[in-house]
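Hi,

Here is the structure I promised to pass on. Have a look at it first, and then read my notes below.

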Amino acid sequence: MKLERNKRVKKLAIWTWTWVATMAIATFGPEFIWDNHPFLTPFAIVVNLANGVLMILANRDLFNHFDELERKIHLEAMGITLGLAVVVGLTFSLLDQKNIIPFDAEIGYLVMFIGITYMIAMVINRKRYL
């Protein structure tokens with residue numbers, strides 16, 4: 001069972017790093033590699049999207065291998081993260097729209113917030129249930 005878990009974790013890690021790499025290529029390629037080529041830029045974005053979908057499927061495959069307690073821990077952490085991401089993300093955007101914060105509400109800030117929130121929720125849930 002542990003061997004199967006490691007296989008699924010490695011698969012998820014590969015798809016995650018592939019997605020990160022294609023995101024970097026789609027982000028920086030048009031400016032630094034191919035000078036906003038009318039075919040290559042949309043192609044890189046589509047490849048990134050496809051890699052993202054495959055990463056999600058690998059994540060789902062891993063979650064389907066979890067037992068009931070692990071699923072409960074992750075599901076609660078995801079629920080908390082989703083709720084906070086929507087509320088904080090929209091509030092952050094509103095603060096930017098009304099010029100209350102002195103910088104732009106970039107999506108990167110929200111992505112970092114989501115990652116940190118998920119990690120904290122996982123730590124709390126693991127302590128609660130294990």
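Which pattern does the chain follow, read along the sequence? The answer is α-α-α-α. In total there are 4 helices and 0 strands (DSSP runs numbered from the N terminus, H or I of at least four residues for helices and E of at least two for strands).

Before you go further: this is a predicted model, where local features need pLDDT of at least 70 and side-chain atom pairs count only at pLDDT 80 or more, while totals for chains, interfaces and linings use all residues. Residues are numbered from 1 along each chain as its sequence is written, and side-chain values use heavy atoms, leaving out hydrogens and water.

Now the overall shape. The radius of gyration of the chain is 18 Å, whereas a compact globule of 130 residues would have one near 14 Å (taken over C-alpha atoms; the globule rule is 2.2 Å times the number of residues to the power 0.38). Along the principal axes, the C-alpha atoms fill a box of roughly 50 × 40 × 15 Å.

Of the 130 residues, 23% are buried (under 20% relative accessible area, with a 1.4 Å probe and protein chains only).

Cheers

Methods
Buried < 20%, exposed > 50% of the residue type's maximum accessible area, 1.4 Å probe, protein only.
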